There are 2 protein chains.
Amino acid sequence: MRDALVAAAFELFLERGFEATTVDDIVALAGVGRRSFFRYFPSKEDVVFPDHERCLADMTAFLESVAEDPEPVARVCDAARMVLRMYAENPTFSVQRYRLTKSFPGLRAYELSVVWRYERALAAYLRRRFAGWSDGDLRADVIAAAVVAAHNNALRSWLRSGGEGDAEAAVDHALALVRNSWAPDGGPAGPGEPADEDVVVVITKRRTPLWRVVRELEGGQGPG
Amino acid sequence: MRDALVAAAFELFLERGFEATTVDDIVALAGVGRRSFFRYFPSKEDVVFPDHERCLADMTAFLESVAEDPEPVARVCDAARMVLRMYAENPTFSVQRYRLTKSFPGLRAYELSVVWRYERALAAYLRRRFAGWSDGDLRADVIAAAVVAAHNNALRSWLRSGGEGDAEAAVDHALALVRNSWAPDGGPAGPGEPADEDVVVVITKRRTPLWRVVRELEGGQGPG
């Protein structure tokens with residue numbers, strides 16, 4: 001019945017628009033009562049994003065499943081990929097929803113609050129892992145925001161393209177950029193790192209900005 | 001009249017709560033008509049954040065005022081500081097509003113949309129500056145998100161403390177963390193960088209994760 005409500009809602013949203021569609025319209029088309037609708041969805045906005053609650057719960061469980069993770073930044077990247085997979089499971093639906101969300105400020109606000117909850121879930125995990133470290137909470141918040149921004153940059157490109165191309169590869173590439181800059185925890189830096197074993201000797205002054213040293217090591221592949 | 005409306009609104013919000021206060025209550029206390037209220041504020045939420053529109057406009061003007069900035073990351077950090085200064089100008093009001101916002105989900109959602117607009121303003125500037133660079137849009141989005149997260153981490157700590165301590169120093173410290181990791185553009189890395197002139201020789205393998213090299217250069221001051 002839940003799926004039938006989502007299908008009916010989207011049929012009407014796409015036909016009439018989000019605002020012109022009432023919950024009564026949706027339940028009439030789905031052939032169920034109002035009470036059934038509200039058993040599954042607290043509001044009309046929630047039926048637009050039917051899988052986020054489950055995904056948030058899955059993400060939280062995933063982050064809590066390992067007490068001592070040697071690679072917390074890699075783990076939050078993996079957690080972010082759970083959101084991508086939810087979108088990529090059903091490209092047609094995801095692209096329709098993206099277009100719908102763009103056109104209604106109310107849905108955009110709802111989406112921002114969902115994104116915020118994902119970001120806080122990632123940050124809460126990192127804060128626990130960085131507890132006692134210098135600037136632990138700050139680093140946790142910044143890394144969580146960077147991971148979410150990288151993930152969403154790749155996700156939105158894919159949605160804008162109409163769901164063409166390899167969304168997972170695009171997200172992997174975006175997340176590698178964050179991991180290369182931020183991973184303070186050890187472990188491989190993931191896709192995007194140079195793979196060869198050459199020894200590099202860098203002679204620099206201690207006051208040289210770190211970005212300059214990093215660019216040197218990247219072989220000048222950074223911007224600028 | 002605008003200030004009188006804000007003062008009346010806050011007196012009532014703190015006394016009765018945000019939801020129990022109507023626009024009619026506010027205009028009655030301020031001694032003006034409803035139309036005057038809506039001339040200044042599109043909604044009751046807007047009176048809670050009366051200076052964000054001006055701050056957003058100032059920030060956009062600041063970011064557009066220099067066509068060829070040699071240090072775009074430093075510039076978005078300076079742009080973010082404009083928000084901090086707005087809060088720090090009036091600590092009592094800012095702390096009251098922080099407490100009010102925390103207790104009403106509707107205000108929280110409104111605040112998220114404001115934060116999103118700041119982040120997009122920073123990202124739009126960086127996207128222009130990084131145009132043509134490899135992963136320019138992605139880097140712009142990630143850096144904007146990191147700057148906003150760092151700024152808000154310091155701002156929220158200051159607000160939680162009741163407006164005690166040096167908010168500007170806390171924000172400078174937080175932004176330095178982002179600049180040290182991300183500044184792909186040159187210029188000094190800002191506060192937080194080692195200041196002495198020692199020469200450092202780093203011998204590493206090319207595949208060593210950059211964070212590990214960076215930590216080495218930082219003298220092991222990073223977490224872990």
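Contact, as the word is used in this tour, means heavy atoms within 4.5 Å. The structure is a predicted model, in which local features need pLDDT of at least 70 and side-chain atom pairs count only at pLDDT 80 or more, while totals for chains, interfaces and linings use all residues. Residues are numbered from 1 along each chain as its sequence is written, chains are lettered from A and ligands numbered from 1 in the order in which they are written, and side-chain values use heavy atoms, with hydrogens and water left out.

**Chain A as a whole**

Along the sequence the order is α-α-α-α-α-α-α-α-α-α-β-α. Among contacts in chain A between residues at least 6 apart in sequence, 64% join residues at least 24 apart. Of its 224 residues, 52% count as buried (under 20% relative accessible area; exposed is over 50%, partly exposed in between; 1.4 Å probe, protein chains only).

**Colour by confidence**

Colour chain A by pLDDT, the predictor's confidence in each residue, from 0 to 100. The mean is 85, and 81% of the residues reach 70 or more.

**The annotated region**

Next, select residues 22-41 of chain A, which an unreviewed UniProt entry annotates as "DNA-binding region". UniProt positions are given in the numbering used here, feature names are shortened, and annotations may be inferred rather than shown by experiment. This segment is 75% helix and 0% strand, with its end C-alpha atoms 13 Å apart.

**Helices 5 and 8**

Show helix 5 (residues 52-64) and helix 8 (residues 105-129) of chain A; their axes come within 10 Å and cross at roughly 5°. Axes are lines fitted to C-alpha atoms, for helices over the stretch in contact, and angles run from 0 to 180 degrees between N-to-C directions. The two helices are therefore roughly parallel to each other (angles under 35 degrees; over 145 is roughly antiparallel, 65 to 115 roughly perpendicular, the rest oblique). Display the side chains where they meet, including Leu56(A) and Met59(A) from helix 5 and Tyr118(A) and Leu122(A) from helix 8.

**Ser36 in chain B**

Finally, centre on Ser36(B), in helix 3 (residues 34-40) of chain B. At 11% relative accessibility, Ser36(B) counts as buried. Leaving aside neighbours within four places in sequence, Ser36(B) is in contact with Met1(B) and Leu5(B). Ser36(B) and Met1(B) are 35 residues apart in sequence and 8.4 Å apart in space, C-alpha to C-alpha.

Note on methods: Helices (H or I, at least four residues) and strands (E, at least two) are DSSP runs, numbered from the N terminus.
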